[in-house]
Amino acid sequence: MTKIEAARQEYRDWCCAIGIDSMEKVNEALETGFGIKLINICEARQERKYAEVADQIFWNHDRKRIVMMSGPSSSGKTSSSHRIAQQCVAVGLIPKVIELDNYFVPREKTPRDENGEFDFEALEAMDVELLGNQLNDLLAGREVELPRFDFIEGRQVFEGRKMKLEDGDVLFMEGIHALNPALTPSVDQDRIFKVYISALTALPGGEKVHYSTTDKRLLRRIVRDNRTRGISPEDNILRWPSVRRGETRNIFPYEENADIVFNSSTLYDMPLLKYYAEPLLYGVSEASPAHGKAVELIDLLSHVTALKPAEIAAIPPTSIMREFIGGQTL
């Protein structure tokens, strides 16, 4: 059994244990007034899972001072990394963060894709040598000056921001290549703790009903990007195949490198997404090339009972799902 399969099975077992192991039973819980209780149970489980990851980091931190996190689009990586870092503080560790977006090569060395556009997702777009040198210096107890990538000028700049790992410090990094050992070929991989984050699901149903991880992530992305980036559902649907190609190339081949898999799904996420996504999807024109996929997603949501506004208000501000609907305080 793969690590992904094991994480999915563990979630399936939990769903069975609480007696809500199908979307029909989720709907029944919502329709009989147990929506807020369901939200609270799911959030309690997530909190325990954050703590379990932090415990693993703590138990290994004498050797593994670097924590690398990766996962596909709209898995809740940002929220998860913040919550795991908070749990690390709770057990006495001090998280420090390096942003991998500051380790791009100069613009003139950036590879191009098949359309001649800059391919910032390619591993070759990363300054692997500088990153490796700085990580090895940090592991050796030396101070480094961190770069900032100037996206306007297309180059790294150094502005005096220094970092050194003290006792109890743990270095956090998150990015699409984080679980790929080719990102850090000069670094001892036994010094890196790797976390894979994905919205795995386990609810049974018909084909493409309720439990498609891919469709759930697309719905999350549609809701978030409409709210925060002004990207229409149509544009997101049309961009999705390109996103999926990037995941297939850069993320999925390395998921089994993870020391631990974190499942960012909750039993109430599809009912929540229905409330926000369904009106957006109905706005996609029949003439649009995105209409077919919009109809497919509407059909998927037709099997789901939406959360009520009062239930949505009960979702805590630290929830993963707040990353997509707003109101997060992380």
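## The central sheet

## Basis of the description

The model is predicted, so that local features need pLDDT of at least 70 and side-chain atom pairs count only at pLDDT 80 or more, while totals for chains, interfaces and linings use all residues. Residues are numbered from 1 along each chain as its sequence is written, and side-chain values use heavy atoms, with hydrogens and water left out.

## A helix across the sheet

Helices are DSSP runs of H or I with at least four residues; angles run from 0 to 180 degrees between N-to-C directions, with axes fitted to C-alpha atoms, for helices over the stretch in contact, and contact means heavy atoms within 4.5 Å.

## The largest pocket

About 1600 Å³ of space lies in the largest pocket, the volume being the space filled by probe spheres set on grid points that are joined across faces, edges and corners. A pocket is an open set of points, on a 1 Å grid over the protein atoms alone, where a 1.4 Å probe fits, with protein on both sides within 12 Å along at least five of seven lines, and lining residues have an atom within 4 Å of a point.

Its lining comprises 49 residues, of which Lys77, Asp101, Glu121, Gly175 and Ile176 lie nearest the centre. Two or more lining residues come from each of α4 (77–90), β5, α6 (213–228) and α7 (233–250), and α7 gives the most, with eight. The lining divides into 18 nonpolar, 14 polar and 17 charged residues, where Ala, Val, Leu, Ile, Met, Phe, Trp, Tyr, Cys and Pro count as nonpolar, Asp, Glu, Lys and Arg as charged, and the others, Gly among them, as polar.

## The second largest pocket

The second largest pocket holds about 230 Å³ of space and is lined by 16 residues, with Glu10, Lys49, Glu52, Ile260 and Val261 nearest its centre. Helix α3 gives the most to this lining, with eight residues.
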